[in-house]
Amino acid sequence: MTALSKKDRILIELTVRRIDFKLDGRVPWRKRRQVRDELRANLLEAARDKGAAVAVKELGSLDAIADSYLEVYRGRFDLQTGSYWALAMYAAIQIVGIAVIVAFHAGVAASGTHSGTFSFNVWNGFGPYSGSVSGNGQSFEMTIASPAHIALMLVAFAIGSSYRWLFRKRSLPAKRGF
Amino acid sequence: MNRENGTHDSQLLKGVLSLALLRLLAERESYGYELVTRLRDLGLTDIQDGSVYPALGRLERDHQITSRLVPSSSGAARKYYRLSAGGYAELARSESAWMTLVRALQPLVSKPVPPKPKEALP
């Protein structure tokens with residue numbers, strides 16, 4: 001048994017947190033805390049026996065451990081995946097928004113107008129696509145947030161966070177081995 | 001189970017890990033790291049700690065083991081596991097399945113491997 005240095009404790013805490021990050025939003029909060037506490041206690045014990053670096057190495061792949069914990073404790077909703085889906089939805093809306101602005105600007109330029117400001121609005125006040133371009137092509141404005149953005153992101157979040165549960169396989173119980 | 005280089009097939013180990021854990025817990029109440037060291041003392045030297053801890057969670061979720069926190073002199077409280085009634089039943093079933101498998105495979109693996117497989121008859 002050896003005493004642990006501050007560096008050892010930091011290494012162990014980082015290891016625990018790396019595993020915990022993958023469980024964030026996927027495993028109920030109370031269960032996550034139990035997993036963290038147990039992992040930390042076991043790692044501290046192992047580190048006192050053979051050093052923190054060896055203890056962490058003998059733990060194996062952190063991703064694999066997190067996946068194993070997810071398999072056991074996964075909750076009904078996956079808030080982490082839901083957040084990624086919402087961000088992806090926002091990015092998709094904005095990419096289409098840029099394409100719309102470019103197309104609108106091309107239309108204004110093709111009309112041969114060189115002065116004034118031209119604006120467009122899809123679903124006035126709701127969004128997600130509205131903006132304006134100057135006739136000389138020097139400036140443009142586009143919507144970066146609107147009620148439609150929020151609504152679409154909420155839909156993406158709801159689907160992303162629950163699709164695994166909604167479409168889970170309802171299989172017959174497997175024949176039991178070991 | 002031993003290979004020539006002394007390592008174990010990780011898939012094979014995974015399959016019998018629950019049985020080994022239940023058997024060890026039937027002998028004595030233990031916590032995660034202690035179970036890892038007990039498995040290593042049995043000769044399963046390349047077992048990874050990270051495969052044992054979630055396996056204990058799975059057994060607890062399936063009501064085969066129960067746990068309690070015990071304050072430790074070394075700092076963080078240890079989570080001690082012990083077999084439940086369901087665990088004893090599962091252990092008996094797994095041991096029986098294991099023995100059946102060993103009995104079925106023993107005659108096959110105890111024979112020397114022929115240098116060349118026989119040709120199939122036309």
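**Exercise 1.** Which residues make the nonpolar surface patch of about 930 Å²?

*Solution.* The model is predicted, so local features need pLDDT of at least 70 and side-chain atom pairs count only at pLDDT 80 or more, while totals for chains, interfaces and linings use all residues. Residues are numbered from 1 along each chain as its sequence is written, chains are lettered from A in the order in which they are written, and side-chain values use heavy atoms, with hydrogens and water left out.

Step 1. The patch is made by Phe21(A), Tyr84(A), Trp85(A), Leu87(A), Val155(A), Ile159(A), Tyr163(A), Leu166(A) and Phe167(A). A patch takes residues with over 30% relative accessible area and no salt bridge, and nonpolar side chains (Val, Leu, Ile, Met, Phe, Trp, Tyr) are joined within 5 Å; accessible areas come from the Shrake-Rupley method with a 1.4 Å probe, and for residues only the protein chains shown count as cover.

Step 2. Helices are DSSP runs (H or I, at least four residues), numbered from the N terminus.

Step 3. Phe21(A) belongs to helix H1 (residues 6-23) of chain A.

**Exercise 2.** Describe how chain A and chain B meet.

*Solution.* Step 1. In contact (heavy atoms within 4.5 Å) are 23 residues of chain A and 26 residues of chain B.

Step 1. Two salt bridges are counted between the chains; such a bridge is a side-chain nitrogen of Lys or Arg within 4 Å of a carboxyl oxygen of Asp or Glu. Arg40(B) forms a salt bridge with Glu58(A), with the closest N and O atoms 3.2 Å apart.

Step 2. On the side of chain A that touches chain B, two or more residues come from each of helix H2 (29-50), helix H3 (52-59) and helix H4 (62-73). H2(A) gives the most, with 11 residues.

**Exercise 3.** Which parts of chain A does the salt bridge of Arg32(A) and Asp20(A) tie together?

*Solution.* Step 1. The N to O distance in this salt bridge is 2.9 Å.

Step 1. Arg32(A) lies in helix H2 and Asp20(A) in helix H1, so the pair ties together parts 12 residues apart in sequence.

How values were computed: Patch = residues over 30% accessible without salt bridge, like charges linked within 9 Å, V, L, I, M, F, W, Y side chains within 5 Å.
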